Amino acid sequence: MDIRLIVSDIDGTLLPAAGSVSPATAEAVAACRARGVEFAVASGRWYPAARKIVVDQLGIRDGYMILCNGGAVTRCDGSVLMEAPLSGAQARAAYEILSAAPVMMTAYVRDAIYRVRSQYLSVFRLPETSYFAAGRAYRVVDDDEAAFARQGLTRTYKLEAYCDDAPTLARLRAQLEGAGLQVNSSFPFNLEITAPEAGKGAAIRYLAGRLGLSMEQVMAFGDYTNDLSMLSCVGWPVAVGNALEEVRRVCRIVAPACEDDGVAKTLQQYILGGKLP
């Protein structure tokens with residue numbers, strides 16, 4: 001089988017809880033690229049946070065990134081190739097639904113993150129408030145409702161809601177989906193809202209088309225529900241061992257867990273070793 005593109009989710013798939021890509025993973029990715037196999041990430045992260053993994057840890061400067069669950073596809077230098085933002089009406093509809101609940105909200109746009117109601121965030125620490133990457137400044141604006149409603153809801157790649165109350169998230173998911181929005185999660189305590197036509201799967205189709213590849217030539221790795229659209233559309237879907245059961249069910253290969261270098265071991269066996277089933 002002629003696999004020419006590998007796409008991987010980051011958190012929980014490529015990146016273990018320790019927060020650093022393992023040497024084995026970096027070596028396997030580099031070896032695949034040396035053979036002419038392209039490697040890209042598909043993440044819920046925005047550009048500066050994804051760049052820290054792809055450029056700083058994997059050393060890839062001439063590749064591609066699928067960001068914000070398919071809200072954008074960029075090169076590693078940050079140049080935008082494709083965008084699939086929420087429309088203004090979709091973003092406002094999601095904002096109205098989320099505003100009525102005790103959740104923290106985050107809006108991702110091209111060069112900034114807007115966060116409001118941080119008092120409801122109890123599940124992890126807020127990240128830093130500014131980034132400088134590839135010669136550009138990227139802002140994080142906290143607890144400015146006016147800025148959130150003005151800039152955060154304009155050409156929004158992704159909206160997020162964070163809450164540690166599962167029934168609240170379930171109720172919000174039902175309301176958001178009822179409004180015609182696409183809703184996924186990357187953790188048990190968040191909802192990620194994108195345009196109905198967006199998603200990691202749609203972004204992979206775009207990238208494969210740009211590279212002149214068929215979907216049978218694509219292998220993708222994932223672990224959570226926001227990975228389902230890409231795993232369902234590629235020829236070689238792979239779930240790492242720590243993936244949800246519903247993710248494992250759609251995959252042709254179940255790899256070792258992220259913490260056990262599942263991506264690296266799969267690349268060594270099936271791409272570098274040529275042992276596709």
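The legends below accompany close-up views of a predicted model.

**View 1. Asn 190 and the residues around it in strand S12.** Asn 190 belongs to strand S12, which runs over residues 190-194. With a relative accessible area of 1%, Asn 190 is buried, because the term applies to anything under 20%. Its side chain takes part in a polar contact of 2.9 Å with the side chain of Glu 160, and a polar contact of 3.0 Å links the side chains of Asn 190 and Glu 192. When neighbours within four places in sequence are left aside, the residues in contact with Asn 190 are Glu 160, Ala 161, Tyr 162, Leu 169, Asn 184 and Ser 185.

**View 2. Glu 145 in helix H4.** Glu 145 is placed in helix H4, which consists of residues 145-152. Its relative accessible area is 38%, so Glu 145 is described as partly exposed. If neighbours within four places in sequence are set aside, Glu 145 is in contact with Tyr 95, Val 116 and Arg 117. Glu 96 lies 49 residues away from Glu 145 along the chain, and the C-alpha atoms of these two residues are separated by 13 Å.

**View 3. Glu 216 in the loop between helix H6 and strand S13.** The loop that holds Glu 216 lies between helix H6 (200-211) and strand S13 (218-222). Glu 216 has a relative accessible area of 40% and is therefore partly exposed. From C-alpha to C-alpha, Glu 216 and Cys 233 are 9.0 Å apart in space, although 17 residues apart in sequence.

**View 4. Helix H6 and its buried side.** Helix H6 contains 12 residues, and the distance from its first C-alpha to its last is 16 Å, close to the 16 Å expected at 1.5 Å a residue. The buried residues of this helix are Lys 200, Gly 201, Ala 203, Ile 204, Leu 207 and Ala 208. These residues lie on the same side of H6, because they cover an arc of only 160 degrees around the axis. In general, an α-helix has 3.6 residues a turn, so residues three or four places apart point the same way. Just after H6 comes Gly 212, which takes a positive phi of about 75 degrees.

**View 5. Val 7 and the nonpolar cores.** The largest nonpolar core has 55 residues, of which Val 7, Phe 148 and Leu 176 touch the most other members. Helix H3 (residues 88-99) supplies the largest share of this core, with 5 residues. Apart from this core lies another one of 47 residues, among them Leu 15, Phe 39, Leu 121 and Met 219. Not counting residues up to four places away in sequence, Val 7 touches Ala 40, Val 41, Ala 42, Ile 66, Ile 204, Val 218, Met 219, Ala 220, Phe 221 and Met 230. As a general point, nonpolar side chains in soluble globular proteins tend to be buried together.

View 6. Cys 68 counts as buried because its relative accessibility is 1%.

Technical notes: Residues numbered from 1 in each chain as written. Predicted model: local features only at pLDDT ≥ 70, side-chain atom pairs only at ≥ 80, totals over all residues. Heavy atoms only, no water. Helix = DSSP H or I, 4+ residues; strand = E, 2+ residues; numbered from the N terminus. Buried < 20%, exposed > 50% of the residue type's maximum accessible area, 1.4 Å probe, protein only. Contact = heavy atoms within 4.5 Å. Polar contact = N/O pair within 3.5 Å; in protein donor to acceptor, adjacent residues only side chain to side chain. Core = buried A, V, L, I, M, F, W, Y, C linked by side-chain atoms within 4.5 Å. Expected span 1.5 Å × (residues − 1). Arc of directions from axis to C-beta.
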